[in-house]
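Please look over the sequence and the three-dimensional structure shown below before reading on. The report that follows is meant to be read side by side with them.

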Amino acid sequence: MRRNFPVTRAVNLSLLVVSALLLAIPLFAHHGFQFEFDGSKYIYITGTLTKVEWENPHIYFNVESKTSPDNPTAAAADGKITNWRFEGSSVSLVQRTGTRRADLVDYIGKTVTVRACPGKGDLAKGAAETVKLPDDREVVVGRKRYYGTGPVPADIDKDPVN
Amino acid sequence: MAKQFRTSFAACFSILALSGMALAQTYGTKGYAPGAWKPDELPPDLSKPKPFNPHDLSGVWSMPTKSNFERHSFNDKRLVIEDKSIPNEMRAQSYPPPMTPWGKEKFEAAKPSYGPRSVAPGLGNDLVSTCEPMGYPRDLWEANLRPFEFVMASDRVLQHMQYHDLWRTIWTDGRALPTDPDPAWNGYSVGHWEGDTFVVESTGYDDRTWLDHFGNPHSDQMKLVERFKRLDIDHLQVDMTLTDPKAYTAPWVGDPITFERVKVAIFEEICAPSEENHFNDRVRDAAVGTAKP
């Protein structure tokens with residue numbers, strides 16, 4: 001019986017590893033959100049809005065910023081510009097919050113600040129919730145992305161339908 | 001410690017102040033948001049409801065997302081998952097009746113990206129990912145995010161689904177269901193009034209679609225009975241029962257759904273294959289390393 005212990009332990013360990021792997025795999029957002037983005041964190045990226053793609057199932061826009069994906073809480077020390085790509089929600093969901101295509105397109109070339117959940121793997125991308133425009137308006141570009149435990153902005157649970 | 005607290009407080013206050021500004025300066029969350037038209041371009045009192053008539057189902061209806069829980073099937077419940085990084089919409093599981101061997105085989109072949117059997121969308125086979133029809137009743141579960149409207153006509157009721165800009169025809173001219181119809185993505189539906197309840201019976205569904213986001217199956221033998229009741233101006237209830245002896249050994253009785261009337265118009269939401277492919281290349285396939293170069 002004693003002899004079997006290592007085998008049992010090996011089996012248990014294998015089961016543990018398999019279970020851990022299974023637990024790590026099972027849940028993905030329909031559009032792969034959890035695979036792509038870290039919903040437990042916020043980043044605020046300030047830079048020049050360079051491109052807007054107003055399409056389904058998600059809108060996209062690009063922001064050139066001195067903030068590096070390696071340390072998204074600080075501007076890059078060497079002043080290097082990073083081209084960030086953000087995705088928002090579907091066109092109709094964004095429209096429903098009152099945000100129009102012109103709210104982004106009219107500000108191409110201007111400085112904006114994006115609130116987003118960062119991409120996984122230090123990539124220069126994010127799942128965006130809001131964009132602060134140069135005229136101080138903050139427009140909604142995505143539904144709730146944040147699932148963390150920290151303080152959340154007041155607009156986070158806003159139902160985009162109502 | 002006090003300094004840390006002051007910093008945190010200031011950060012929270014700034015975030016709240018910025019957010020308040022956002023709410024004050026958008027118009028979609030209050031009143032009528034018709035999309036292309038700005039509020040001052042519209043006639044006044046557009047959102048004023050008509051007098052209540054229980055036999056008039058017209059209106060734009062949405063499924064409220066209670067406590068951030070999105071309904072995606074006849075009955076589904078929120079899973080308790082400690083990991084805060086799991087998105088809310090993933091915390092759900094459906095509870096179908098026992099499946100027949102045929103149903104089970106179809107279920108096993110489905111690779112959804114919702115619920116406990118999820119795979120990354122790039123590795124799945126959900127028809128949603130390629131703009132294929134979702135079929136009814138799955139179209140209805142989209143009403144979490146994409147409302148539908150009822151349009152009353154003299155000989156039919158039209159159910160206009162925002163997603164795919166889809167029109168479901170429910171005939172009310174007295175015809176019976178077809179006896180041996182060719183399968184159709186959205187089936188065939190007839191409706192009649194029993195008191196103040198609008199009873200819709202449907203059949204003739206194409207079995208390529210899933211019932212819901214979880215990959216639960218149905219066959220071409222599926223029969224669906226929906227009982228719609230307008231409770232008041234702002235609420236519409238539906239009870240649904242599915243009978244499909246080829247796929248399930250017992251009827252699937254859904255939990256009642258109460259839709260809320262929303263003061264928004266149906267927006268255009270076409271699933272354009274070119275846009276969807278763009279998204280597949282960028283996100284779904286890229287996430288699993290199968291994107292085309």
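## Basis of the model

This is a predicted model, in which local features need pLDDT of at least 70 and side-chain atom pairs count only at pLDDT 80 or more, while totals for chains, interfaces and linings use all residues. Residues are numbered from 1 along each chain as its sequence is written, and chains are lettered from A and ligands numbered from 1 in the order in which they are written.

## Confidence in chain A

The predictor's confidence in each residue is given as pLDDT, on a scale from 0 to 100. For chain A the mean pLDDT is 78, and 73% of the residues reach 70 or more. Residues 1–7 of chain A stay under 50, and the model gives them 0 contacts beyond four places in sequence, where a contact means that the C-beta atoms of two residues, placed from the backbone, lie within 7 Å. Residues 15–30 of chain A also have pLDDT below 50, although this stretch has 20 contacts in the model beyond near neighbours in sequence. Where pLDDT is low, the predicted coordinates should not be read in detail.

## Layout of chain A

Chain A has 4 helices and 6 strands, these being DSSP runs numbered from the N terminus (helices are H or I with at least four residues, strands are E with at least two). Along the sequence, they follow the pattern α-α-β-β-β-α-α-β-β-β.

Of the 162 residues in chain A, 46% are buried; a residue counts as buried if 20 or more other C-beta atoms lie within 10 Å of its own, as exposed if 12 or fewer do, and as partly exposed in between, with C-beta atoms placed from the backbone. Among the contacts in chain A with a separation of 6 or more, 58% are between residues 24 or more positions apart.

## Strand pairing in chain B

Two strands pair if DSSP finds at least two bridges between them. In chain B, strand 6 (residues 166–171) and strand 7 (residues 188–194) pair in the parallel sense over 2 bridges, and Ile170(B) has Ser189(B) in strand 7 as its bridge partner.

Strand 7 of chain B is also joined by 7 bridges to strand 8 (residues 197–203), and these two run antiparallel; here Gly191(B) has Val200(B) in strand 8 as its bridge partner. The hairpin of strands 7 and 8 of chain B has 2 residues between the strands, and Gly195(B) takes a positive phi near 65° in this hairpin.

## Nonpolar cores

A nonpolar core is a set of buried Ala, Val, Leu, Ile, Met, Phe, Trp, Tyr and Cys residues joined through C-beta atoms within 7 Å. The largest has 34 residues, and those with the most contacts inside it include Trp61(B), Ala143(B) and Phe259(B). Strand 10 (residues 235–243) of chain B gives the most to this core, with 4 residues. Beyond its neighbours within four places in sequence, Trp61(B) is in contact with residues including Ala143(B), Leu236(B) and Arg261(B). A second, separate core of 31 residues includes Val63(A), Val94(A), Ala116(A) and Val131(A).

## Backbone details in loops

The peptide bond from Asn56(A) to Pro57(A) is cis, with omega near -5°, and Pro57(A) is placed in the loop between strand 1 (43–53) and strand 2 (60–65) of chain A. Asp136(A), which is not a glycine, has a positive phi near 75°; Asp136(A) lies in the loop between strand 5 (125–132) and strand 6 (138–140) of chain A, and is exposed, with 10 other C-beta atoms within 10 Å.
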